[in-house]
Each structure stands twice: as C-alpha cells, then as structure tokens.
Amino acid sequence: MAIQDIISPGFSDPVFQSQAAFRALLTALSEPGTLQSVAADITPPEGLATATATALLALADYETPVWLPENLRDGAAAAWLRFHCGVALVDDPARAAFAVIDGAASEPKLAAFNPGNDQFPDRSTTVIVQVSGLDGGAGLTLSGPGIPGTRRVAPQGLRPGFTDELRQNGALYPLGVDVVLASGEGMIGLPRSTQIEEAV
C-alpha cells in the first residue's frame with residue numbers, strides 16, 4: 001500500500017488555499033476575538049482540527065520547527081505533516097516556531113514556549129490551542145490593539161488557570177507567544193498584545 005493511500009490529501013490548490021488560510025490567520029491575530037473560518041476542503045488527520053491542519057499546511061515547512069504533544073507526534077498527525085509540509089518536529093517546546101496543544105491538557109504551559117528575545121521578538125512560538133468549542137464556555141473580555149473598546153469570547157475546553165497563563169504571557173509584551181484557539185474550521189486569535197480578563 002502506497003503512503004498516498006493511507007495519508008489523506010492536503011490542499012488541492014496549494015497557492016490559493018495557502019493564501020486564504022494565511023489571510024484568515026492574519027485577520028484572527030490582527031482582530032483579536034473575531035471568529036475566522038477556513039474552508040480548505042481537506043480531511044485533517046486524527047487529532048488535528050481542520051483549522052489547525054489548514055494553518056500548518058499554509059505556514060509550516062522544513063525551516064519551521066513544529067512541536068506536537070506526544071500522542072500526535074507518534075501518530076497520523078505527524079506523518080501527515082511530514083508528508084505534506086516536510087516539517088521538522090522537535091521535542092523541546094522552546095525550539096518550536098509553531099506548536100499545537102490540547103487546551104484541556106495540564107501541560108505544557110504557555111511559558112514553556114519561546115517568547116522571542118529583545119532583538120527578535122517576532123521569533124516567538126505561535127501556539128495553536130485546540131479546544132472543544134469557540135463559544136458557549138466561560139467568558140473572557142479582551143481589549144487592546146485591534147479591538148474597538150472590548151470584545152468578548154467564550155471558548156470551551158480550556159484548562160483551569162489558562163486565563164492566568166494568558167495574562168502572564170501578555171505581561172511579557174513585546175515578548176511572549178501568540179495564541180490561536182482552534183476548533184473545527186474556526187479560529188480565534190489571542191496575540192500577546194491583547195489584555196485578557198475573565199468576564200463577570
């Protein structure tokens with residue numbers, strides 16, 4: 001059996017679909033808290049949301065080290081990413097350009113990833129946090145660049161204390177990681193510049 005028979009297809013139109021996915025991710029991070037959708041017409045491997053898989057197809061390659069949780073690193077997700085993107089998977093979260101974590105898992109913490117440095121703050125990790133839903137959970141109030149006034153989000157499936165991790169990450173600005181919440185075909189950006197409070 002050929003590897004193509006066991007690994008689901010990636011983009012059918014790589015240039016167009018990569019550009020669309022990049023625009024969606026850029027909008028998510030420049031307009032924090034807004035729901036962006038991708039419709040790349042792909043079948044993601046087990047363990048990756050469509051939005052996660054699409055973002056990595058668009059952004060990851062052999063020059064962008066990716067960190068995955070052990071269950072994904074040892075399974076179909078890693079094989080799919082290696083086949084379609086040629087990514088180098090790393091064991092050390094601090095070396096990752098992109099990372100995927102389970103929002104409900106206790107580890108790794110956001111602080112484990114690369115926050116960038118004073119000379120190159122843009123070299124921080126972008127962390128894709130997979131959640132069970134992007135609405136219907138505990139409310140968070142967002143403010144800061146890209147947000148007129150305040151904006152409210154209510155993701156489901158985030159571990160206890162995650163809001164504190166986001167606040168601690170924001171306190172590092174201009175350093176810190178950028179966070180993207182992903183579920184199904186949807187994504188919400190929470191960049192390091194966003195101030196986050198639990199909604200009352």
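I started at isoleucine 101, which, beyond residues up to four places away in sequence, touches Trp67, Pro69, Pro108, Leu110, Phe113, Val127, Ile128, Val129, Gln130 and Arg159. I took contact to mean heavy atoms within 4.5 Å.

Before going on, I noted that the model is predicted, that local features need pLDDT of at least 70 and side-chain atom pairs pLDDT 80 or more, while totals for chains, interfaces and linings use all residues. Residues are numbered from 1 along each chain as its sequence is written, and side-chain values use heavy atoms, with hydrogens and water left out.

**Entry 1**

I placed isoleucine 101 in strand β3. Helices (H or I, at least four residues) and strands (E, at least two) are DSSP runs, numbered from the N terminus. Is isoleucine 101 buried or exposed? Isoleucine 101 counts as buried because its relative accessibility is 1%. The cut-offs I used are under 20% relative accessible area for buried and over 50% for exposed, with partly exposed in between (1.4 Å probe, protein chains only).

Next I turned to isoleucine 128, which sits in strand β4 (residues 126-130). Isoleucine 128 is buried too, at a relative accessible area of 5%. Not counting residues up to four places away in sequence, isoleucine 128 touches Thr52, Ala55, Leu56, Ala99, Val100, Ile101, Val180 and Ala182. For threonine 52 and isoleucine 128 I noted a C-alpha to C-alpha distance of 6.9 Å and a sequence separation of 76 residues.

**Entry 1: aspartate 178**

I found aspartate 178 in strand β7 (residues 178-183). Aspartate 178 counts as buried because its relative accessibility is 15%. With neighbours within four places in sequence left aside, the contacts of aspartate 178 are Leu29, Thr125, Thr126, Val127, Leu190, Pro191 and Arg192.

**Entry 2: helix α3 and its two partners**

I checked helix α3 (residues 50-59) against helix α5 (residues 76-85): their axes come within 10 Å and cross at roughly 30 degrees. That angle makes α3 roughly parallel to α5. Axes here are lines fitted to C-alpha atoms, for helices over the stretch in contact, and angles run from 0 to 180 degrees between N-to-C directions. Angles under 35 degrees count as roughly parallel, over 145 as roughly antiparallel, 65 to 115 as roughly perpendicular and the rest as oblique.

Which residues of α3 and α5 meet? I listed Ala53, Leu56 and Leu57 in α3, and Trp80, Leu81, His84 and Cys85 in α5. The residues of this contact divide into six nonpolar, one polar and no charged. In that sorting, Ala, Val, Leu, Ile, Met, Phe, Trp, Tyr, Cys and Pro count as nonpolar, Asp, Glu, Lys and Arg as charged, and the others, Gly among them, as polar.

I then looked at α3 with helix α2 (residues 14-30), where the axes are 9 Å apart and the packing angle is about 110 degrees. The two helices α2 and α3 are therefore roughly perpendicular to each other. Ser18, Ala21, Phe22 and Leu25 of α2 make the contact with Thr54, Ala58 and Leu59 of α3. I counted these residues by class as five nonpolar, two polar and no charged.

In α5 I noted Ala77, Ala78, Trp80, Leu81 and Cys85 as the buried residues. They cover an arc of only 160 degrees around the axis, which puts them on the same side of α5. The arc is that of the directions from the helix axis to the C-beta atoms. These buried residues of α5 pack against α3 and α4 (70-73).

For helix α6 (residues 162-170) the buried residues are Phe162, Thr163, Glu165, Leu166 and Asn169. Down the axis of α6 they fall within an arc of 160 degrees, so they line one face of the helix. Their cover includes β4, β5 (140-143), β7, β8 (186-190) and β9 (195-198).

**Entry 3: backbone notes**

I noted a cis peptide bond between glutamate 107 and proline 108, with omega about -5 degrees. Proline 108 lies in the loop between β3 (98-102) and β4. The bond from tyrosine 173 to proline 174 is also cis, with omega near 15 degrees, and proline 174 lies in the loop between α6 and β7. Just after α5, I found glycine 86 with a positive phi of about 65 degrees. Most residues other than glycine have a negative phi, and most peptide bonds are trans.
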